[in-house]
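I opened the model to look up a few local points. My notes follow in the order I took them.

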Amino acid sequence: MRAGPAQFLLLGMSHHTAPLALRERYAVSDPRPALARLLAAPEIHEALLLSTCNRVEALVWTADARAASGRLRAFFGETLARGAVAPEALSAALYEARDSEAVRRFFRVAASLDSMVVGEPQILGQVKQSYRAAVDCGACGPMLERLCQRAFATAKRVRSETRIAEGPVSVARVAVQLAGQIFESLAGKTALLVGAGEMIELALEALDALQRKGLAAVSVANRTLARASALAARFGVSAHDLSELPALLLQADILFTCIDGELPAAPLSAALRARRRPLFAVDLGFPRNIPPALGGWAGAGDGAGIHIYDLDDLQRLAEQNARGRGLAVARAEDIVADEQRRFSGWLAAQEAAPTIRALCAQAESIRSAEMERALAGGGSREALEAVTRAVVNKLLHAPLSRLRAEGEFAASPALLEAARALFGLDGPEAAAPPPPPGGERAAAPAER
């Protein structure tokens, strides 16, 4: 019995199945060591690990999906998490997809259809980074290479053929949109952004629109003052070192954070106690930057305190934006389905290829043996070559055409198994030509 066909297997969690507090435990900055551990397993031939603020997913190519599934679940439960995670919580958060469903899920992620903010472009860059990391450490073989290239092409089609990117298309823009909804008026309000990476840059771009509505001042603070200064200069705002954070917090009405690690708790709590008005804070960090316990701090004035919103809180507003782009999303889903069918057809054709090669090799072996017999009787080699090749081509034309056509449309493995059984491609008789008519056995070429 031949082994089952190899297939893709995806296991992971996302903002749909796991709260932020759980996803934080699985944040991976460098996937290469984790990929090396996966590749050490004999049942995993290729692997990719995608880790973002909204998801962590492992995608593998395996000939033993059952064993690979167990390996990946143990990987999440014992290796990947920072600290202990309750088995029942992990089990409830994980989802699994195989074969064509795994392909569809991966294409949807790359096309930003499974993002918190549907249509956001950042996820495609993150998928490409994960792909490059897999290539760098040798975890990306020919099957994942093909899959990733088709995922990138799918995302490009979605972006060029639909209007899915209209409206706020980043988490940072949704955060700024939320700030604009919370305050009745932005006149005289001050915004403070902590960090200097891509998320803060996107927030600054979105804040430009709010400044035109009356936002008084914007400041950027970062551990590295030079990076804060470079970003601030582009947007015409002020730059500060993190040591100035307590004073800046006293003046800010809106706070956005996105840095590595938590903000220092002591200056945060001191500034919050001294405030005389509320602070609207959006924690865009992953893991979170603002200790959740600070949400209970009250300031010195009536109604003062900090109101913290994190990535999970932004999800509801993002879902409203997605509903407003329903037609574009539906068209994008059609594109993903089309690309998934094409890729599944290509996979089926790869499964058919060994059967086709074996069938051709066997026919050629029969042809060659028959020609040698005919030559022994005095026939012309050139004439016999032409005749026997024509015989083989005519014999194989119909079955090969059917196998190739079925392969392009995701043939059932049963058809390939039937072909191998009918033509004896797996048994010991596969390599030996049948005896000639009349019961005489011609000598094989190696016996002459």
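Why does Q340 count as buried? I found Q340 at 13% relative accessibility, so Q340 counts as buried (under 20% relative accessible area; exposed is over 50%, partly exposed in between; 1.4 Å probe, protein chains only). Q340 lies in helix 14, residues 326-376 (helices are DSSP runs of H or I of at least four residues, strands are E runs of at least two, both numbered from the N terminus). Leaving out residues up to four places away in sequence, I noted that Q340 touches S100, V103, R104 and F107 (contact means heavy atoms within 4.5 Å).

Basis of the notes. I am reading a predicted model, where local features need pLDDT of at least 70, side-chain atom pairs count only at pLDDT 80 or more, and totals for chains, interfaces and linings use all residues. Residues are numbered from 1 along each chain as its sequence is written, and side-chain values use heavy atoms, with hydrogens and water left out.

Confidence. I read a mean pLDDT of 83 for the protein chain, with 86% of its residues at 70 or more (pLDDT is the predictor's confidence in each residue, from 0 to 100). Over residues 429-448 pLDDT stays under 50, and the model has 19 contacts beyond four places in sequence for them.

Helix 12. In residues 265-274 I listed L268, S269, A271 and L272 as the buried residues. Down the axis of helix 12 they fall within an arc of 165°, so they line one face of the helix (the arc is that of the directions from the helix axis to the C-beta atoms). Their cover includes helix 11 (245-251), strand 9 (278-283) and strand 10 (305-309).
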